[in-house]
Amino acid sequence: MKIDPWSSKSYQDYTRLRDEFGIQAFTEDCWKDLPSPHRLFRRGVVFGQRGFEQIHDAILNNKPWAILTGLMPSGRMHLGHKMVIDEVIYYQSIGADVAIAVADIEAYATRNMTLAMAKKLAIDEYIVNYIALGLKPERCRIYFQSQNQDVKDLAYLLGRKVNWSQLVATYGFDGGTNLAHVFAPLVQAGDILHVQLPQYGGVRPTLVPVGVDQDPHIRLCRDIAQDFRLYSILKTKDDRIGVFVKVDERVSELLDNAEQAVKRLGFSQLKRITEYKALYIEDATEANIGAIDAALAVTEPSFGGYGFLQPSSTYHRFITGLTGDKMSSSKPESSIFLTDTPQDARKKLMNAKTGGAATKEEQLRIGGKPDECIIYELYLYHLLESDAELQQLHDSCRKGTVLCGACKKRAAELLDALLLDIQKKRMGAEEKIPLYFHNPQC
Ligand code: TRP
Ligand code: SF4
């Protein structure tokens, strides 16, 4: 199985996907101690993660961390695009340092768009809606890939640790793939890692919330980050914890530096073997690796390295389109766009297939199947904030005490209210946009 970030494939079996690609589960332990956990966490819509423990630790212990996500302006923004920004808005509300990449280079490379078209679409469809949904633009940095020289430089420089075979294996590129497209994953790695450059806040844990189709980019970027490190911290075959210098220059200075850094963490039984470029920490255990790694990473820039910590990620499920396949901008009848009129949206919703029984009598007798129902999914992802009400709906559906007609009608009303609210707030949001045109960073 291969995940293709540029196809519009939908995924059914998220557990299998997780197992196959070594994605960790986003368990209750990941979110239960966060302030007012988001409904997408509580309901398992965010189902997977890599390295989330670093973010969890930073949030709970008030350490610096960053969040970066990106949007590719390829069509109108729909409810499937809303999850990521809902998550970002949540993190912003708990004080996160947010950056958003507008992937105009990626849209140019893979969707045959001009940069100007991509920019216009990004602003009119995505950024305006993000602000309408509650993103505070004054407390985050939104930039265009094509305009950020640091991101582009980094993309080029990171390329030294990526080879063609790796890209072929990850993305299925072949001799006919255009080079701008080939380069898109590196620009994305530039997006993700640039927030750890000194001028953007320095080395710190970085969370990238995305849909699971983006996992190949995350894997590549995590590998790149690791490859650029000057140190690696490992448990050796004989169960010792060792710090190894990966480069050949300034080895003894790097070992001195490592010694000081681990002493500051409170370790004292150190054994240095210069010919192995190694420092063993006899009083450390596997559980300390993360802390040692983080302490060493921040020192790497003073030796000419980047010190990038591997980015963490979370993955959300895709919402089913109203026609039963993936919600996609290229299939208007499957998608609820944030700019749909309530009438249009209602029409699409009313036509959607439900998990109801074939006849009213049968449904009264055996109940419906909310877990196979597109309408229920809308409630779960977007329409009901209260878990108690959602549970009640689930129960009544299963028992057959609510019928699809009434249930759809209620969903349509909630959707109406949601779209009207966004519509209203979009007017205020549009006024804030010129700010970004004048920001040289964007
Ligand atoms: N490739 C992403 C998409 O198709 C957009 C993107 C670009 C992105 N840079 C990013 C996502 C950095 C997360 C982080 O939607
Ligand atoms: Fe879906 Fe509602 Fe019908 Fe249950 S009653 S199957 S949740 S539309």
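The axes of helix 5 (residues 79-93) and helix 16 (residues 374-383) come within 11 Å and cross at roughly 30°. That makes helix 5 roughly parallel to helix 16. Angles under 35 degrees count as roughly parallel, over 145 as roughly antiparallel, 65 to 115 as roughly perpendicular and the rest as oblique. Axes here are lines fitted to C-alpha atoms, for helices over the stretch in contact, and angles run from 0 to 180 degrees between N-to-C directions. Helices (H or I, at least four residues) and strands (E, at least two) are DSSP runs, numbered from the N terminus.

This is a predicted model, in which local features need pLDDT of at least 70, side-chain atom pairs count only at pLDDT 80 or more, and totals for chains, interfaces and linings use all residues. Residues are numbered from 1 along each chain as its sequence is written, chains are lettered from A and ligands numbered from 1 in the order in which they are written, and side-chain values use heavy atoms, leaving out hydrogens and water.

Back to the helix pair. Helix 5 passes helix 16 in a left-handed crossing. A crossing is left-handed if the near helix is turned anticlockwise from the far one by less than a right angle, and right-handed if clockwise. Leu79, Lys82, Met83 and Asp86 of helix 5 make the contact with Leu378, Tyr381 and His382 of helix 16. Contact means heavy atoms within 4.5 Å.

Now pick out Lys82, which sits in helix 5. Is Lys82 buried or exposed? Lys82 counts as buried, because its relative accessibility is 4%. Buried means under 20% relative accessible area, exposed over 50%, partly exposed in between (1.4 Å probe, protein chains only). Leaving aside residues up to four places away in sequence, Lys82 touches Arg39, Met77, Leu133 and His382.

Next comes strand 6 (residues 206-211). 6 of the 6 residues of strand 6 are buried, so this strand is largely enclosed by the rest of the structure. Both faces are covered: Thr206, Val208 and Val210 lie on one side, Leu207, Pro209 and Gly211 on the other. Strand 6 runs parallel to strand 3 (residues 66-71), joined by 2 bridges. Two strands pair if DSSP finds at least two bridges between them. Ala66 stands opposite Thr206. Strand 6 also pairs in the parallel sense with strand 11 (residues 312-316), over 5 bridges. There, Gly211 faces His316.

A separate topic is the open sheet of 4 strands, in the order 7-8-10-9, with antiparallel pairing. Which strands are the edge strands? They are strand 7 (231-235) and strand 9 (270-273), and each pairs on one side only. Strand 9 and strand 10 (residues 278-281) share 4 bridges. Leu270 has Ile281 in strand 10 as its bridge partner.

Helices lie across this sheet. Helix 13 (residues 289-297) lies across strand 7, strand 8 and strand 10, at about 170° to strand 7. In helix 13, Ile289, Ile292, Ala295, Leu296 and Ala297 are buried. These residues pack against strand 7, strand 8, helix 12 and strand 10.

Finish with another helix pair. Helix 8 (residues 149-158) and helix 10 (residues 179-194) pack at about 120°, with axes 8 Å apart. That makes helix 8 oblique to helix 10. Their crossing is right-handed.
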